[in-house]
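Biologist: I would like to learn how to read a model of this kind, feature by feature. Could you take me through it slowly?

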Amino acid sequence: MNHGSRPTGELTLRTLAMPADANAAGDIFGGWVMSQMDLASGIRAAERARGRVVTAAVKEMAFQLPVKIGDTLNVYTEITRVGRSSITLQVEAWAHRARHRILEKVTAGTFIMVALDESGHPVPVPPEEE
């Protein structure tokens, strides 16, 4: 298997691409894929922050392949940096093509999440647990 043909990070979210998420040609909307990646980032960052997080920025996203109805979207996350109140994640979305039994990378991006307190103010990310 050549380099880059395997997902990087931890499988954080799996979901099925449904007809309601597609255009007339059967391609899934890019915004739906981005929202799944945002959800996965939130799950992973909230676990790391041990609390509430919000999306502060999304950087460098390009769609390489379409997602089709019936594909399972697998979202992988890797925490690449932890700042004072921010967590940067590298996020990859891979489509599992059920009919062909293959996993193909459809897009990747950098998501920056910020830890918040109950009143919505940024708070320091706690140190990593042993």
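Modeller: We shall go from the helix to the strands, and then to the salt bridges. This is a predicted model, in which local features need pLDDT of at least 70 and side-chain atom pairs count only at pLDDT 80 or more, whereas totals for chains, interfaces and linings use all residues. Residues are numbered from 1 along each chain as its sequence is written, and side-chain values use heavy atoms, with hydrogens and water left out.

Biologist: How should I read the length of helix α1, and what span do its 20 residues lead one to expect?

Modeller: Helices (H or I, at least four residues) and strands (E, at least two) are DSSP runs numbered from the N terminus, and the expected span of a helix is 1.5 Å times one less than its number of residues. For α1, residues 30-49, that gives 28 Å, and the end C-alpha atoms are 28 Å apart, which agrees. The helix is followed by arginine 50, whose phi is positive, near 55°.

Biologist: Which residues of α1 are buried, and against which strands do they pack?

Modeller: Buried means under 20% relative accessible area, exposed over 50%, and partly exposed in between, with a 1.4 Å probe and protein chains only. In α1 the buried residues include Trp32, Val33, Gln36, Met37 and Ser41, and the buried residues of the helix pack against β1 (10-16), β2 (53-63), β3 (72-82), β4 (86-97) and β5 (102-115). Serine 41 has a relative accessible area of 0%; contact means heavy atoms within 4.5 Å, and, leaving aside neighbours within four places in sequence, serine 41 is in contact with Thr77, Leu89, Val91, Phe111 and Met113.

Biologist: How are the strands β3, β4 and β5 joined?

Modeller: Two strands pair if DSSP finds at least two bridges between them. Here 10 bridges join β3 to β4, which run antiparallel, and 12 bridges join β4 to β5, also antiparallel. Isoleucine 87 in β4 stands opposite valine 82, and in β5 its bridge partner is methionine 113. A hairpin of three residues joins β3 to β4, while the hairpin of β4 and β5 has four residues between the strands, with arginine 101 taking a positive phi near 55°. As for burial, β4 is mostly covered, 10 of its 12 residues being buried.

Biologist: How many salt bridges are there, and which residue does arginine 48 pair with?

Modeller: A salt bridge is a side-chain nitrogen of Lys or Arg within 4 Å of a carboxyl oxygen of Asp or Glu, and by this rule the count comes to six. Arginine 48 forms one with glutamate 128, the closest N and O atoms being 3.5 Å apart. Arginine 48 lies in helix α1 and glutamate 128 in the segment after β5, so the pair ties together parts that are 80 residues apart in sequence. Arginine 48 is buried at 11% relative accessible area, whereas glutamate 128, at 56%, counts as exposed.

Biologist: Which residues are linked in a network of salt bridges?

Modeller: Asp71, Arg97 and Glu104 are linked in that way. The side chains of glutamate 104 and arginine 97 meet at 2.8 Å, N to O; glutamate 104 is partly exposed at 27%, and arginine 97, at 8%, counts as buried.
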